[in-house]
Amino acid sequence: MMDFLDEIEATVPALRRYARALTRNADRADDLVQDCLERAIRKRNLFTPTGPVQAWLFRILINIWRNDLRFERRRGDQIPIDSLIAEPSVAPAQPGRIALSEMSRAIDRLPDDQREALLLVVLEGLSYHEAASALGIPDGTLMSRLGRARATLRMSTGTADEPRLRSIK
């Protein structure tokens with residue numbers, strides 16, 4: 001009588017042929033057979049000797065293959081990287097850094113009272129009341145300074161509907 005692992009070993013050539021017929025790719029077929037054998041050995045206690053090991057292994061292989069197909073359908077088409085004509089493009093970091101640098105310079109050019117109010121609310125996350133208390137000014141004065149600071153920043157950094165100014169007065 002053959003040992004369980006010997007029966008599995010005897011079935012490997014048939015599993016490979018079947019996997020290659022399914023996948024039409026030798027590397028993928030070898031991976032499929034390897035996954036099948038690994039699962040069969042790991043779950044050997046689930047095998048009931050009422051039928052041949054080969055049928056059980058084919059059933060495992062088919063189930064893995066079907067799971068892989070489902071996964072691929074959800075994932076979408078994959079293109080091998082070596083078949084690309086050019087390298088995939090990645091958005092350059094420069095525009096973001098330039099915008100941050102431009103915003104930093106614009107904040108530095110704000111009058112001190114506006115810059116202090118803006119940084120307490122925007123950077124430190126203080127409420128209007130907390131920021132006004134920290135600066136020792138009324139809430140309305142803080143809101144006025146914030147409004148002027150934001151308007152100045154919008155004008156100095158420019159938006160699609162506002163012209164860009166060269167300097168802040």
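Helices (H or I, at least four residues) and strands (E, at least two) are taken here as DSSP runs, numbered from the N terminus. The structure is a predicted model, in which local features require pLDDT of at least 70 and side-chain atom pairs count only at pLDDT 80 or more, whereas totals for chains, interfaces and linings use all residues. Residues are numbered from 1 along each chain as its sequence is written, and side-chain values rest on heavy atoms, with hydrogens and water left out.

The protein contains seven helices and zero strands, and its pattern along the sequence reads α-α-α-α-α-α-α. The mean pLDDT (the predictor's confidence in each residue, from 0 to 100) is 83 for the protein, with 88% of the residues reaching 70 or more. Among the elements, the highest mean pLDDT, 94, belongs to helix H2 (residues 26-42), and the lowest, 83, to helix H4 (residues 94-108). Over residues 162-169 the pLDDT stays under 50, and for this segment the model has 14 contacts beyond four places in sequence, a contact being defined by heavy atoms within 4.5 Å. Buried residues account for 25% of the 169 residues in the protein; buried denotes under 20% relative accessible area, exposed over 50%, and partly exposed the range in between (1.4 Å probe, protein chains only).

Helix H2 comprises 17 residues, which at 1.5 Å a residue should span 24 Å, and the distance of 24 Å between its end C-alpha atoms agrees with this; the expected span is 1.5 Å times one less than the number of residues. The buried residues of H2 are Ala29, Leu32, Val33, Cys36, Leu37 and Ala40. Viewed down the axis of H2, these buried residues fall within an arc of 130°, and they therefore line one face of the helix, the arc being that of the directions from the helix axis to the C-beta atoms. They pack against helix H1 (4-23) and helix H3 (53-75), while the exposed residues Asp27 and Gln34 are carried on the face of H2 turned away from its buried side.

Thr23 lies in helix H1 and, with a relative accessibility of 11%, counts as buried. Leaving aside residues up to four places away in sequence, Thr23 touches Arg28, Ala29, Leu32 and Trp65. A polar atom of the Thr23 side chain lies 3.0 Å from the backbone oxygen of Asn25. Arg24, in the loop between H1 and H2, has a phi near 60°, a positive value in a residue other than glycine, and at 76% relative accessibility this arginine counts as exposed. At the start of H2, a side-chain oxygen of Asn25 comes to within 3.0 Å of the backbone nitrogen of Asp27.

Rings of Phe, Tyr and Trp (its six-membered ring) are paired if their centres lie within 6.5 Å, with planes under 30 degrees apart counting as stacked, over 60 as edge-to-face and the rest as tilted. By this rule the count is one aromatic pair. The ring centres of Tyr18 and Phe58 are 5.4 Å apart and the planes stand at 85°, so the pair is edge-to-face. Because Tyr18 lies in helix H1 and Phe58 in helix H3, the pair ties together parts that are 40 residues apart in sequence. Tyr18 itself, at 32% relative accessibility, counts as partly exposed.

Thr11, found in helix H1, is buried with a relative accessible area of 6%, and, residues up to four places away in sequence not being counted, Thr11 touches Gln54 and Leu57. Trp56, in helix H3, is likewise assigned as buried, at 11% relative accessibility. Apart from its neighbours within four places in sequence, Trp56 is in contact with Phe4, Ala40, Lys43, Arg44 and Phe47. The C-alpha atoms of Trp56 and Ile8 are 10.0 Å apart in space, the two residues being 48 residues apart in sequence. Asn67, whose place is in helix H3, is partly exposed with a relative accessible area of 37%. The side chain of Asn67 makes a polar contact with the side chain of Arg70 (2.6 Å); a polar contact is a pair of N or O atoms within 3.5 Å, where within protein one must be able to donate a hydrogen and the other to accept it, and residues adjacent in sequence count only if both atoms are side-chain atoms.
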